[in-house]
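Morning, everyone. Let me put the structure up, and then I'll talk you through it.

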Protein chains: 4
Amino acid sequence: MILRLGHVEVAVMDLEAARHFYVDVLGFIEHLQADGSLFLRATDEFDVWSLKLSERSTAGLIHMAVRVDRPDDLDLLDRLHRQLGLQTRRISEGTEPGQGEALRVRTMDGHPLEFYHEFEEMHPYQGDHVHLPMRYSHLHRGIPPQRLDHVNLRVKDVSESLRYWVDQLDFRISEYTVDSNDAVRVAWVRRSTGTHDVALARSTGPMIHHVAYCTSDSAALFRVADLLSDAGLRRAIQFGPGRHGITNAFTIYVLDPSGNRLELFSGDYIRDLDRPAIKWSAQEYTDQGLMWWGNPAPPEFQQCRPLIDDEWP
Amino acid sequence: MILRLGHVEVAVMDLEAARHFYVDVLGFIEHLQADGSLFLRATDEFDVWSLKLSERSTAGLIHMAVRVDRPDDLDLLDRLHRQLGLQTRRISEGTEPGQGEALRVRTMDGHPLEFYHEFEEMHPYQGDHVHLPMRYSHLHRGIPPQRLDHVNLRVKDVSESLRYWVDQLDFRISEYTVDSNDAVRVAWVRRSTGTHDVALARSTGPMIHHVAYCTSDSAALFRVADLLSDAGLRRAIQFGPGRHGITNAFTIYVLDPSGNRLELFSGDYIRDLDRPAIKWSAQEYTDQGLMWWGNPAPPEFQQCRPLIDDEWP
Amino acid sequence: MILRLGHVEVAVMDLEAARHFYVDVLGFIEHLQADGSLFLRATDEFDVWSLKLSERSTAGLIHMAVRVDRPDDLDLLDRLHRQLGLQTRRISEGTEPGQGEALRVRTMDGHPLEFYHEFEEMHPYQGDHVHLPMRYSHLHRGIPPQRLDHVNLRVKDVSESLRYWVDQLDFRISEYTVDSNDAVRVAWVRRSTGTHDVALARSTGPMIHHVAYCTSDSAALFRVADLLSDAGLRRAIQFGPGRHGITNAFTIYVLDPSGNRLELFSGDYIRDLDRPAIKWSAQEYTDQGLMWWGNPAPPEFQQCRPLIDDEWP
Amino acid sequence: MILRLGHVEVAVMDLEAARHFYVDVLGFIEHLQADGSLFLRATDEFDVWSLKLSERSTAGLIHMAVRVDRPDDLDLLDRLHRQLGLQTRRISEGTEPGQGEALRVRTMDGHPLEFYHEFEEMHPYQGDHVHLPMRYSHLHRGIPPQRLDHVNLRVKDVSESLRYWVDQLDFRISEYTVDSNDAVRVAWVRRSTGTHDVALARSTGPMIHHVAYCTSDSAALFRVADLLSDAGLRRAIQFGPGRHGITNAFTIYVLDPSGNRLELFSGDYIRDLDRPAIKWSAQEYTDQGLMWWGNPAPPEFQQCRPLIDDEWP
């Protein structure tokens, strides 16, 4: 039913500073600016946008959205969430640019989630000729980022959350870590065949840790650090580059001018959804799960950003 | 129902020459050798093997296999093929190493196809610790190839073939080319979210053009040509490196010592299965569809290898 | 005495078309435009410019310049050339932007050559802080090219030319090819420790085959072909990407809008200047010397551009 | 007179452990083993070896060697060092494999230095055909390292050392850092056109910090960390990958099993030897000179290894 993560709306405190960071330095492509929001996409996406930056007084997550396979999945999901005792709200076509009718819910673990099916794609032609959306490299700059990959969320009780994401929404666990009592501490869950669309980690309550975009290869992660340092923004680099033990992906984490964490991520593995989850102990997660090369995270890496309440749903 | 292409069995005329080419030079990993066959995998695969090289008197395709989502899909597919008037054969667990029970058919367009669900995976642990199958780079050499991607087949009538692959097996067309009469000449079809698991191109009858493996990045395609040239095998390089217009992937085509064509392929796009197919005209296919940079294929690139009859099904 | 190739002046027929090609698409950096010339540099150069594009009615080479170790080398070279019966001309400081006094000669084999010592460098500081010229990646686009590498010239008699370049100017031969009579057909000569600053190949008389710039790695050569194709300029791609047998460098050759050939070149070897030259036979030059992978050059690759007579010296 | 750094002899405590680390995991090429030493080269070197690992009871530097332009430079250097009041010793041809007669001295700052001219090169032919030493990629594994780049030494007084290296040996300073009293703390000096052959940093006396080898590109630095982690040697990774502010090179530092530090280094700039040195203040060295991205070194990064006294000269 759910195909994949489709887009994310993040709150920034200064839209022009955000544009400088995301567009001018990192190379996100501007689709449009409207009503206090900037709509961006990465180079290899067919969807006309995947990142919405909206001006608010604090940073954080406003909402995330997943694409469903068929239009009538919205009705099924509406019913499902009401049965779970959760409020739902239908959003009309065009509420977000290029998007058809949508369903908004607050998940069982407190996160603002949107379901949609229709979404405008980049036209893959120029006149009579095919010209794929990614084939405008002469106009690209920065990294550039290639594709929205995942969001990493905080929840109060991961096992409880999995009852929602796995049992109700049919996400599958690719990998997970346990604490010394064998209780799940972090789980990576997915509907696509990569390692995850969403990561769920234990904390005091619902928050966001980061949004992640794919890059084409490992060299792009060096470019991230170079671009920020060259532009005088080296303090935005928080952790990496390195390689995750979990997911096997190359990674670097940076902070946007409002403090939202962005991960650039490359080369995780592909595996069928029905395959058994891989389990990491607490100790090996610390030693080589987070970073396969053993490099420890700085303390600030634990900080999360709140959910921004936009009367959701 | 069908998840993806799972493995391919290719006929080679000299198993030791094949091992030198695939394992020693290109860096495929040997899983085992048994009964006149060599079972290989690429570095980022969980499946214990994806390429079976079997000694025969001529080169060509012996069979290809696709993984299905659930064990009882085999029954559904058995019934489906009989309804289509096609012979089927059940194969017991272990007929191929690591594989559970399977179903073998000859497709409507004449190709030897196997369906299976159970398949042994690499153990992702070392003692108490997670150690993913791809994290043995200290033992790798060659390119190395990363993952089986697709097969490219010849069929008599592509439109007719699509009635089978799309209407019966629920493959989706990502891109296609038409001739000057607007009849489909080549179609790229898929069950995974990449650009294709199978390509179907018009010819005199069922044959194979190539098997393709993914690499981690574009630099790996230069390594392919370097490895072969350095090892004194430069005549194995047939076409590329270049970039496909169709699929947007980097590519190089090489011939193994028996004449089987292998493509190394990197960086095609990801797109939801329900999205509309992209259409290329005959002229633009020739001019920039096959190779986006406009480089023409050598005449030998048209040659195909036959199906090797192993009394299939 | 001579340190290296320093800059090249190339004639283009349309300066705006040249700017689009070199700056907008390929990512050369504009230093300044003055008096019908555009002065460009590559990202990793300290010299403020290395490529001068001057508007003329035909394409071709206007002059090339080499940097000498000491200011008084100009006097020595002036005397040397007169002793050889060649005209010389002194050029005052600032005739070309950023350049000190220079000496202009027409070489024994007919090429317009300039010697200079003083040349303005990029300031490596920003306020109190070091900020190297290459660390402006947030402003880069295109490939980008990294550094001027060499020029490839045509001469009437290579052995005769070597009497000038090697015996008089103390260039050293890194590699050379002979014809079936063991006469030198092409020689790669150098003052820097890379494989060459100048290549000299036999033809009907003095002409230029190409100017070459280095890139950071092999992936950059794929970017060259992508950038041109994406910008609708795929017919500018003439040969490659590939790997040279001679010099061991990765390569791609493209044509600017006026028909001047530009090579992008990466990864040739480093070797002490006194080491013996490597000799290629006529046959192996054709088979694997020009391209190690065996790919043959298209016939147009033989075309050269004339020297543009600017009353030199 | 001096051309470049030519080779380094490093003491290891267990030759088999060293071979596993340097050859099996990192991909150095074994030239020969003799008399308790292992002679290795990197892929792109013409010299038959550049790293000599000799078994001793402690780790550290045994000697380093620089190549001189002409055989009779050895006499000039012998005289020079005696005039400086330093002992010298002539070493006969073949004392080290492939090396001609050599001169050994202890430098004014206490380091064991060898000068040589003759050194055996890899034969660049196979039968009648050119086959450059680097074109054996089918036999390579690991990173592989490409070329010896530099040594980083500790000395008691850098300004005093520069009187030797610069004034006597004609090395040139590319960059240097000063302390708050404007006294030189570290200097990068060179005879080749890259950023340095030798770095000299202030400490309590003569010691070695690291030996550095070049890699082909930035992706190779990720491979270093992957290879070591995959082989169960992740504790060998000490600092990086990152980018130096000084030299502009990508870098990662690792420790061999005896504790000798090896840097893998890629992409420093090229600049004429006569150009003015670039000066870094104490604060900016700490903030962005060591690592352009601002990542701080771990305390262990300060540790150095002693000189191993082999009765030098």
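I'll take one hairpin, then the salt bridges.

Ground rules before that. This is a predicted model: local features need pLDDT of at least 70, side-chain atom pairs count only at pLDDT 80 or more, and totals for chains, interfaces and linings use all residues. Residues are numbered from 1 along each chain as its sequence is written, chains are lettered from A and ligands numbered from 1 in the order in which they are written, and side-chain values use heavy atoms, with hydrogens and water left out.

Start in chain A. Look at strand E16, residues 237-243. Strands here are DSSP runs of E, at least two residues; helices are runs of H or I, at least four; both are numbered from the N terminus. E16(A) is mostly covered, with 6 of its 7 residues buried. Buried means under 20% relative accessible area, exposed means over 50%, and partly exposed is in between, using a 1.4 Å probe and protein chains only.

What does E16(A) pair with? Its partner is strand E17(A), residues 250-255, antiparallel, over 4 bridges. Pairing requires at least two DSSP bridges between the strands. Arg243(A) sits opposite Phe250(A) of E17(A). The two strands make a hairpin with 6 residues between them. In that turn, Thr247(A) has a positive phi of about 80°.

Now salt bridges. The rule is a side-chain nitrogen of Lys or Arg within 4 Å of a carboxyl oxygen of Asp or Glu. How many do we get over all chains? The count is 114.

In chain B, Asp78(B) and Arg82(B) meet at 3.0 Å, N to O. Both lie in helix H2(B), residues 73-83, 4 residues apart, about one turn of the helix. Is Asp78(B) buried or exposed? Buried, at 6%. Arg82(B) is exposed, at 55%.

Next, chain D. Glu114(D) and Arg104(D) bridge at 2.8 Å, N to O. Glu114(D) lies in strand E8(D), residues 112-116, and Arg104(D) in strand E7(D), residues 102-106, so the pair ties together parts 10 residues apart in sequence. Glu114(D) is buried at 0%. Arg104(D) is buried too, at 9%.

Third, Asp182(D) and Lys279(D), with the closest N and O atoms 2.9 Å apart. Asp182(D) is in the loop between strands E12(D) and E13(D), and Lys279(D) is in strand E19(D), so this pair ties together parts 97 residues apart in sequence. Asp182(D) is partly exposed at 49%. Lys279(D) is partly exposed at 30%.

Last item. Salt bridges with shared partners join Arg4(A), Asp47(A), Arg67(A), Glu121(A), Arg271(B), Asp272(B), Asp274(B) and Arg275(B) into one network.
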